[in-house]
Amino acid sequence: MSQTEQLLKKLPNDIGGMPADRIERTDHVLEPWEKRCHALADVLDFHKILNTEEKRRGVESLGAEMVGKLTYYERWIAAFAFILFQKQILTPDELARKMAEVEARHLEASTP
Amino acid sequence: MISASSTIQIVKALGEEPAFKAGDRVRISVRYPVGHYRVPIYIRGKQGIIEKILEPAAVNNEEEGFGRNAGLKGWYYRVAVPLTELWPGYDGAPHDRLVIEIFETWLERI
Amino acid sequence: MTTHDHDHDHPKIIDEPMPGYYEIMETAVRELLVEKKLISPGEIRRQIEVLDSRTTALGAKVVARAWVDPEFRARLLANGRAACEEFGISFYDDTQLIVLENTDKVHNLIVCTLCSCYPRPVLGLPPDWYKAKPYRARAVKEPRKVLAEFGTEIPDDVEIRVSDSTATVRYLVLPQRPAGTKDFTEEQLAALVTRDAMIGVVKVNLEQGIAV
């Protein structure tokens, strides 16, 4: 029996019943970008460009390490990028160029 | 106009009627889809009782996960499973239970 | 080196930290989708307004009404979404709502072990702990210990029912009305109902004060 089959059989988010720590009653007020990200998910679902179940599947397929280390909305936006690439709505290069442009815009605006 | 004396024989499509009703004993199937699923591993193979048929019939969400915005429409059920059935050595109260929605394709009559 | 004179315009110095990597990604994805005319900026703004309008106060109103109006309560238990729609609470995500009634014999709590399903149209966005591993892993396995961590003790003769959301039904717990509130107005009752009581990890009691 393969040792690695559990990695495929059990999704990283399927954690019901697993051992876990004490509940830390944490909460945080959403950053503006996180709220925009949530709104983006809803709007993409309304358009059926990226439905809610697809978003879940997209987050799952980031894999255990990313699911464990990225925050909730970081996982969403990363998943959106990959799904939009698969659907040929965006290309990685397009996104990279736009991200560089956004970053440069912020740098320019904050430079005296 | 349909006369009162005529009888109408209709045949329903497969899946038009729920296969299970409240009170039926069921077992949640054991199989291992990779890539996406909505039946947690902790519930697979467990036996429970149908509590409620969820209306209306809806698309199989496991099929929606790959972006076709489509899939087989069918019935979801709220299935109740005692926690003693789920977890050996459960030390809460014996009548505590879990209730979870399961799509019909994952249920077997027992 | 020239002196720095002021006959040119500075771009505004923005007093904000540089956005992080994921914020830049969100901005870039959104701008590209708008450029490609797949979404409009107005839609995102509008949906933010929708989200901001959904708070625990909505759920508290529904609970308070159910406490004072037995016919509403019956409608709420029969069809949670339709009853909430009587208050104008729309279900923009097209989910259904089942309201779970706590009684002297049954205590309900809700969880989503696979992700973070939550009755957002009527409660707003869930707290971080609800979406994190400890709650999701343990609520289905040791609910009484989880409740104890929230300071809630449920006697052994009361059944605990944990509802794990996996599809398009969402859940809202209808807590028991606390003793000593016979003369409270609906508004006063609503002020007692907290988000955590509608998740089912705490009961409503008079010490709790203003709704979270």
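**Legends to close-up views of the predicted model**

**View 1. Secondary structure and overall form of chain A.** Chain A of this predicted model contains 6 helices and 0 strands. Read from the N terminus, its elements follow the order α-α-α-α-α-α. The radius of gyration of chain A is 17 Å, well over the 13 Å that the globule rule gives for 112 residues, so the chain is more spread out than a compact globule. The C-alpha trace of chain A extends over about 60 × 35 × 30 Å along its principal axes.

**View 2. Burial and contacts within chain A.** Of the 112 residues in chain A, 37% count as buried. Among the contacts of chain A with a separation of 6 or more, 46% are made by residues 24 or more positions apart.

**View 3. The side of chain A that touches chain B.** At this interface, 15 residues of chain A are in contact with 14 residues of chain B. On the chain A side, helix 1 (5-9) and helix 3 (52-60) each supply at least two residues. Helix 3 of chain A gives the most to this side, with 5 residues. Sorted by class, the side of chain A that touches chain B comprises 10 charged, 3 polar and 2 nonpolar residues.

**View 4. Domain arrangement of chain C.** The domain assignment divides chain C into domain 1, covering residues 21-51, and domain 2, covering residues 55-199. A distance of 32 Å lies between the C-alpha centres of domain 1 and domain 2 of chain C.

View 5. Ala60(C) is part of helix 3 of chain C, which comprises residues 56-68.

**View 6. Confidence of the prediction.** For chain C, the mean pLDDT is 93, and 91% of the residues reach 70 or more. The model has an ipTM of 0.96 and a pTM of 0.93.

Key:
Residues are numbered from 1 along each chain as its sequence is written. Chains are lettered from A and ligands numbered from 1 in the order in which they are written. This is a predicted model: local features need pLDDT of at least 70, side-chain atom pairs count only at pLDDT 80 or more; totals for chains, interfaces and linings use all residues. Helices (H or I, at least four residues) and strands (E, at least two) are DSSP runs, numbered from the N terminus. The radius of gyration is taken over C-alpha atoms; the globule rule is 2.2 Å times the number of residues to the power 0.38. A residue is buried if 20 or more other C-beta atoms lie within 10 Å of its own, exposed if 12 or fewer, and partly exposed in between; C-beta atoms are placed from the backbone. Two residues are in contact if their C-beta atoms, placed from the backbone, lie within 7 Å. Ala, Val, Leu, Ile, Met, Phe, Trp, Tyr, Cys and Pro count as nonpolar, Asp, Glu, Lys and Arg as charged, and the others, Gly among them, as polar. Domain bounds come from an automatic or database domain assignment. pLDDT is the predictor's confidence in each residue, from 0 to 100.
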